[in-house]
Amino acid sequence: MTEEIMLLIVADLKNSVSKSDKEKLNSWVEESSVNAQEYYEIRVAWEKSGKVKTLVSINLDEEWVLLKEKLIPSRRINWSQWAVAASVAMLIGFSSVFYFSKNSDGLTEFTNVEYISETGKKTISLADGTIVNLNTNSALTIAQNFGEKTRTVKLNGEAFFNVAKNPNVPFVVITDKAKTKVLGTAFNINTSSKTTKIQVEHGKVSFSGQKNSLILEKEMSAESDENGMVTRGVYDINNFAWRTGVLKFKNKPLNEVINTIQIHFGVFIASKENLSDYKLTATFDNLKIENVLAEISLIHQLQYEKTAQGFIIKKK
């Protein structure tokens, strides 16, 4: 790591980095797996430093000097490596919280990292090579022993996982209502306080609730209810649309199409017509909602208007 990168990391931790420097820092983190791997190696080393007793939270917006003062060790530390470890999670543009804990010797060690996307979708590169696309208003927490016997994470909200293959270390996603275990695959999970839904793009996963489990393969889906019962669901390519921006419909009743569009765009769409009488086959590739409604209206001789509540569809 160069001195320039070190200075950028310090500026970033102080929340004083410029836009251009932020982009340069992002590029450095993303240019190789080696840079990201430093973070993982530092975490494992500190996890082995002793037994956890007291948990304290450190805000990354604090001054780098203050961070050093909070982590006064009894042995020599490579502070440039700590800067990398502290900055990896925030360089891509999402909120992160680092947790540290004190062991019996008074040393401070790394335990968990939480990635939070409050206002927009975020992409996370984990140390094992797994890529996670985190949807808005979602959070992903990495277990302190990630990469040892398992690669365990906890999800609140929605995320798409493209898991790096490692037959010796399973990748595990924990939610309130289910557990998903894989070796290498790609899948989407959407979790709430009552249910967890999963949809597999490719590969194979074990999806478990409190009462039963299912093995899912390519283009399969399932759901765990609030009682922990897992049942098979209907695979819908549009469940990936929050990440891809692509909506696809094949001979679908228009009322179902509109419901999907409402969820995707987060808007209310009313209608004065019986939309179930209409069928739609179309693909909308990263279009604005006005363009989507315009194409639907053109196909079925309808029209739409913007209202204070959202939109309304009616006959011409």
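The structure is a predicted model, in which local features need pLDDT of at least 70 and side-chain atom pairs count only at pLDDT 80 or more, while totals for chains, interfaces and linings use all residues. Residues are numbered from 1 along each chain as its sequence is written, and side-chain values use heavy atoms, with hydrogens and water left out.

Let me start with the sheet of 7 strands, which is open, has the order 4-5-8-11-12-15-16 and is paired antiparallel; strands here are DSSP runs of E with at least two residues, and helices are runs of H or I with at least four, numbered from the N terminus, and two strands pair if DSSP finds at least two bridges between them. Strand 4 (122-125) and strand 16 (230-232) are at the edges, each with a single partner strand, so one side of each has no neighbour in the sheet. Within this sheet, strand 11 (residues 186-191) and strand 12 (residues 196-202) run antiparallel and are joined by 6 bridges, and N190 has K197 in strand 12 as its bridge partner.

The other open sheet has 3 strands in the order 18-21-20, with mixed pairing. Its edge strands, strand 18 (268-271) and strand 20 (302-306), each pair on one side only. Strand 20 runs antiparallel to strand 21 (residues 310-315), with 5 bridges between them, and E305 has I312 in strand 21 as its bridge partner. Helix 7 (residues 254-265) packs on this sheet, touching strand 18, strand 20 and strand 21, where contact means heavy atoms within 4.5 Å. The direction of helix 7 makes about 155° with that of strand 18, given that axes are lines fitted to C-alpha atoms, for helices over the stretch in contact, and angles run from 0 to 180 degrees between N-to-C directions.
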